[in-house]
Amino acid sequence: MTKSVKLSPTIAGLLSGAALALAATGGALAQDGEPIKIGAPLALTGGLADEGQKQRLVYEMWAEKVNAAGGIEVDGVKHPVEFIEYDYQTDGPRAGQLAERVINEGAQIIMAPFGSGHSKITATVGQRYQIPVVACVASSESVYDQGNPYLFGTLSPNSNMTKAMVAYLKEKVPGLSTVAIYGKDDVFPKSMASATATAAEDGGLKVVYNELYPAGAIDHSSAISSIKSQNPDWVYVTGYTQDLILARRQLANLGVEPKVLTMVTGPAYVEFTEGLGELADGVTSQTWWHHTVAYEGVGVWPTTASFYEDFKEASGGQDPDYVHGSCAGALVMLEDVFKRAGSLEGPALRDALAATDIQTFYGPIDFGENGMNQARDLPIIQVQDEDIKVLYPESIATADLELMGD
């Protein structure tokens, strides 16, 4: 375990010039306050390690960029930022224990770990200590319905996504009438499966299969055989990246070829396409952000393009996904929050978070009464020729929907 951000060689190189520039100014931007400490329980090992490493990368990028610019001004004093980071090993109870540990080590705010379930655990600890928790990758409404005034999330609600997907497919797929839903029995995937079933029925579709699979499942053949017997027009599967890679392979092996195959959130991640190759082609998904949007706003990345350029450099040429975008967006939001709060005390920060209504490179952040970011148009994507194409909304679309089987 570690309690400080380690610089990647690429990022350190990027910042060397900035550090020299600060020295040349004679310390005009010198940080003269104690560090702002941000707690970060991260899944750096275990089943969510890929996602945890994504969060960690943007934390590094942001901290180094903020500190190179002199820190964040709070009540007239410039403060550097510092992450107190621990690996919770993708273990929910351990995430809660480490949330308490970072608070005891001085964290004034906590960035929640990946996923709705682990964010909920962390937020419970934050509420007990009156320390705000910002969840940048938790979209299940069930996380925000506990009356926790110290929890804030930058993703939009799941229900907003599923309704948009149903409406889009009804418009684009002739004769679409049936859907099979197969979801992982975990907070986020389960809520997406449930929301899709509701949206499908409300949209006039018949749900011919709707079952959950347990965490750790390595064989989906029985469920897939049942789905195949129903011959649905649309198959919708939820889970995390490795779950979905396995399910996609088994769907192909058993000859399931719907008109539309949707997997949430696999295709949003490069690991999904790299893991499946051509087998990823045709799979649709939904995501909260895509780098082709063109927002302008506050913070060290004032435009989507500026974040994209820095990310490509720091990641060795990779494209950012919604995890990177939402978490980095949450951090530039915090620059504004700390300034408006005028204090590093938990209640003052909470009040400033609740009053947030700003634009960032990630998009608008305006928390509702439950602490969730307000609903907005979110991208629908599809893998085509092993590349991600945006189908919706029309303002950023790069391709039309391609149907799979008939």
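Which residue is the bridge partner of Ile38 in β4? The bridge partner of Ile38 in β4 is Phe83.

This is a predicted model, in which local features need pLDDT of at least 70, side-chain atom pairs count only at pLDDT 80 or more, and totals for chains, interfaces and linings use all residues. Residues are numbered from 1 along each chain as its sequence is written, and side-chain values use heavy atoms, with hydrogens and water left out.

## The parallel sheet

Helices (H or I, at least four residues) and strands (E, at least two) are DSSP runs, numbered from the N terminus. Two strands pair if DSSP finds at least two bridges between them.

Five strands make an open sheet with parallel pairing, in the order β4-β1-β5-β6-β7. Its edges are β4 (81-87) and β7 (151-153); each has a single partner strand, so one side of each is left without a neighbour in the sheet. Neighbouring strands are turned by 25° against each other on average, direction ignored. Seven bridges pair β1 (residues 36-42) with β4 in the parallel sense. Ile36 stands opposite Val81 of β4.

Buried here means under 20% relative accessible area, exposed over 50%, and partly exposed in between (1.4 Å probe, protein chains only). Six of the seven residues of β4 are buried, so β4 is largely enclosed by the rest of the structure.

Axes are lines fitted to C-alpha atoms, for helices over the stretch in contact, and angles run from 0 to 180 degrees between N-to-C directions. Contact means heavy atoms within 4.5 Å. Helix α2 (residues 49-68) lies across β1, β4 and β5 (109-111), at about 160° to β4. Helix α4 (residues 116-129) lies across β5, β6 (133-135) and β7, at about 165° to β6.

## The mixed sheet

Seven strands form an open sheet of mixed pairing, ordered β9-β8-β10-β11-β12-β15-β16. β9 and β16 (387-392) stand at the edges with a single partner strand each, so one side of each is left without a neighbour in the sheet. The twist averages 25° from one strand to the next. β15 (residues 380-384) and β16 run antiparallel, joined by five bridges. Ile381 stands opposite Val390 in β16.

Helix α7 packs on this sheet, touching β8, β9 and β10, and its direction makes about 180° with that of β9. α8 also packs on the sheet. It touches β8, β9, β10, β11 (260-264) and β12 (283-286), and its direction makes about 160° with that of β11.

Which residues of α7 are buried? In α7 (residues 221-230), they are Ala223, Ile224 and Ile227. Seen down the axis, they fall within an arc of 95° (taken from the directions from the helix axis to the C-beta atoms), so they line one face of the helix. An α-helix has 3.6 residues a turn, so residues three or four places apart point the same way. Their cover includes β8 (178-184), β9 (206-213), β10 (234-238) and α8 (241-253). The face turned away from the buried side carries the exposed residues Ser222 and Ser229. Just after α7, Asn231 takes a positive phi of about 50°.

## One disulfide

The structure holds one disulfide (a pair of cysteine sulfur atoms within 2.5 Å). It joins Cys136 to Cys327, S to S 2.1 Å. The link is right-handed, with 70° about the S-S bond. Cys136 sits in the loop between β6 and β7, and Cys327 in helix α11 (residues 322-341), 191 residues apart. Both Cys136 and Cys327 are buried.

## Aromatic pairs

Rings of Phe, Tyr and Trp (its six-membered ring) pair if their centres lie within 6.5 Å; planes under 30 degrees apart count as stacked, over 60 as edge-to-face and the rest as tilted. The structure holds 18 such pairs. Two of them are tabulated.

| Pair | Type | Centre to centre | Between planes |
|---|---|---|---|
| Phe114 and Tyr240 | edge-to-face | 5.7 Å | 70° |
| Phe307 and Phe311 | tilted | 5.9 Å | 40° |

Phe114 lies in the loop between β5 and α4, and Tyr240 in the loop between β10 and α8, so the pair ties together parts 126 residues apart in sequence. Phe114 is buried at 3% relative accessibility, and Tyr240 is buried at 9%. Phe114 and Tyr240 also belong to one aromatic cluster with Phe188, Tyr269, Trp288 and Tyr322.

Phe307 and Phe311 are four residues apart in helix α10 (residues 304-315), and therefore separated by about one helical turn. Phe307 is buried at 0% relative accessibility, and Phe311 is buried with a relative accessible area of 2%.
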